[in-house]
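Work through the exercises below with the model open. Each task is followed by its solution.

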Amino acid sequence: MIFFSVYISILVYLLSIFSLYLDLTNKYLFIIFSITTLLAYIINKKLDNRYFTKPEIIWITLAVAIPFLALFLVSAMPVFTGDEIAYSVALPKLYADAKRIFYVSDYGPYSAFPQNYEALTTLSFIVFDSPILSKIINLIMVLSISCIGWDISRRQGCNKIISTLTPLFFLTSSVVITYSPIAKNDIANGFFQILSLYFIYQYNYNKKLINIILCAFFAGLSLGTKLNSLFFISILTIFVLYYLTFLGNKYEKKSKNLAIYFFVLIISASPWYINNLLLFGNPLYPAFNEYFLLHNSFNINYVRMFRELFFHDIADFSWSAGTIKGFCIKFSKEFGYIVFSAGLIGGILASFTSNKISVKLFANFTLLLTLITLLFSFWEPRYNLSLLFLMCINSTFLVNKVIGNYKYRKNMSKFILTTVIIIGVINFYNIYYKMSYEYIVMKRDEFMIKYIPWWEATEYINNNIDKNKKIAIASVQPFYYLSGFSYYHIHPLMEKGDLLSIKNGKEFEALLCKQQVNYIVFDDWPIIRPDNINTPIINKFCRNIFKLAIPELIKNNQLSLIKKINNIQIYKFKCQNKNE
C-alpha cells in the first residue's frame, strides 16, 4: 500500500504541473506515467517497508472487505451529489475537453482553489469520459489509510484483534461512508495529510532523510489539494521541528534536514499557488485577498461575502458563528460518538501516561489539531479526515489500555469489534443502502429524477433549448449534466460583472446583455430565503437580484416564463438595452 501511496502522489503532482502548462495529450500522459513509475520504484527501494505477514494480510483483508466492497458498489452509481454536479466533477469535465486546467471565470474562486484532485479527475475524463477512476482511487486511498492505521496500532502494542478497531472505526464512520465513493477531494486531502504523519512517525524508527522528504512531499500535496490544509501543516511543522531538534544526531544534520523539509514542502505545494500569484497577484486567492492590495477583480465586497458564506451563513460551522456544543455534536455525528469521545479521552490519557514517543506523537497531535480546528478552521468534518484518523488511533489505544489486563480480554475485543461493525452497517444503510438498491432496480431516469433535484429541468433545457444560446443560472447548479451550453453563473462570488453592485432591473439588464444571455434559470430559494442578520451582504445580493431586478424585468416583459419544473423557473430573456 505504501508503493501505491507514493505512486499515486507522484502522479497527482506531475499531472498538476503538466495540466497547468501543457496539453494532456497521449504523448505527455505517457511521459507522466513513465516518470511516475520510475520515481515510485526508486523511492520504494529506499524505504524500510514493514510488509505484513501472511496471517496479518488475511486478517486485515477479512476485517475491511465487507465495508470496502459496499463502498465500491456505490461508486458505480452516476454523479448525484450537489457539489459534484456543481463544480467538483463539472470543472474537470471542462478541463478534459481543453486537455489542460485553466481559470473558468463562471466558477470564480472554485476554479482557483488548489486542484491536485481535480487534475486526477481530469485524467479520468480524458481516459474514461467519466469520473470513475477518481472514485476508485478514493476507495484505494481509504483502504491504504486503513492498513496504515492497523499497522500503527500494532506497533503501539495492541494485539491483532484490537488493532482491527482502527481501520473499522475509520471505515464505518458516517463521513467516510458518505464521501469515499464520490468524486470529491476530501478523501485525497485526508490521505495526503495522514501519509505525512505516517512518515514523520517512521522517522522515529530509523532517522532516515527519506522519511522527512516524504513527510514534506505529502504535506505539500495536501496543501495543493485544499487550502484549509494550512492549519494541519502549521501543526505538522511544529512537530517536525520538535522531532528534528530532539531526535536528530548532529546540529549540522538537523539544520540540513529542516532546510530540506521546508524546500520539499514549498516545491510540492507550489504549482497552484504560483499559478494564482501570476493570475491574481495573490497566491492564496481568494483568501486574504485584501492583504495583497486587491490586485484583481475580487473586491472588498467579495472578500466580505466570502467570509459570510464560509463562516456565518450556516450556524455552528465556525468559532465565530457557532458554539462548542455545536462543534462537538457535528463532529460526533459524522466521526461517530464513540470515536470522537474515546479519541479525545485516549489522546489525553496517552499524552500523560505513555512513555512511547510514537504514541505521544499521535496523542498530542490529536489534541492540538482539535483545538486549532475548533478555534480557526471551518467546522466541516469531511475537511478534517486526518483528525478522524488520529482519533481512531487514540480510541484503539484507549480500548487496549482499558481491557489490556482484563481476564476476558479476547471475548471483550470481539464484542467491541462486533459493535463497531453493527454501527457501520447501520450507517451504511442510513446513507446508501436504499439508494444503491434503487439504482439496481429502477430505470435510470427514475433514479435520476428521485436523487437529483435539477434533473428534469436539466433534461428539458438539453432537449428544448438551442445549444448556441447562453443561459444565466442562479441557485440551481446543473452544470455537469448540461450538454454543450455556454452559461453565466449568477453566484455572489462570481466577479465577472459586479453582481454585488446591482440595484435594479436596468442595471441587471445591462449586465445580462453584456454577457449575451438568452435565458435565465433559477429556483425559489433566493426568493424565500429568510433575512439572516449574520449575512447582510448575501441578503442584499438576494434581495437586489431576485426581489427587485428580476421582478422588474418580468414586469417590463423582458423575461417570459417558458417552463416551471419542481420550482425551477426557466425564463427567456429579451435585451432592450440599446447600448449593448
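**Exercise 1. Identify the residues of the nonpolar surface patch, then the element that gives the most to it.**

Step 1. Phe3, Phe30, Ile31, Ile35, Leu38, Leu39, Tyr41 and Ile42 form the patch, with about 740 Å² of accessible area together. Patch residues have over 30% relative accessible area and no salt bridge; like charges are joined within 9 Å, nonpolar side chains (Val, Leu, Ile, Met, Phe, Trp, Tyr) within 5 Å. Areas follow Shrake-Rupley with a 1.4 Å probe, and for residues only the protein chains shown count as cover. A salt bridge puts a side-chain nitrogen of Lys or Arg within 4 Å of a carboxyl oxygen of Asp or Glu.

Step 2. Helix 2 (residues 26-46) gives the most, with seven residues. Helices (H or I, at least four residues) and strands (E, at least two) are DSSP runs, numbered from the N terminus.

This is a predicted model: local features need pLDDT of at least 70, side-chain atom pairs pLDDT 80 or more, while totals for chains, interfaces and linings use all residues. Residues are numbered from 1 along each chain as its sequence is written, and side-chain values use heavy atoms, without hydrogens and water.

**Exercise 2. Find the disulfide and say which parts the pair ties together.**

Step 1. The whole structure holds one disulfide (cysteine sulfur atoms within 2.5 Å). Cys513 is joined to Cys575, S to S 2.0 Å.

Step 2. The link of Cys513 and Cys575 is right-handed, with 120° about the S-S bond.

Step 3. Cys513 lies in helix 23 (residues 505-514) and Cys575 in the segment after strand 5 (568-573), so the pair ties together parts 62 residues apart in sequence.
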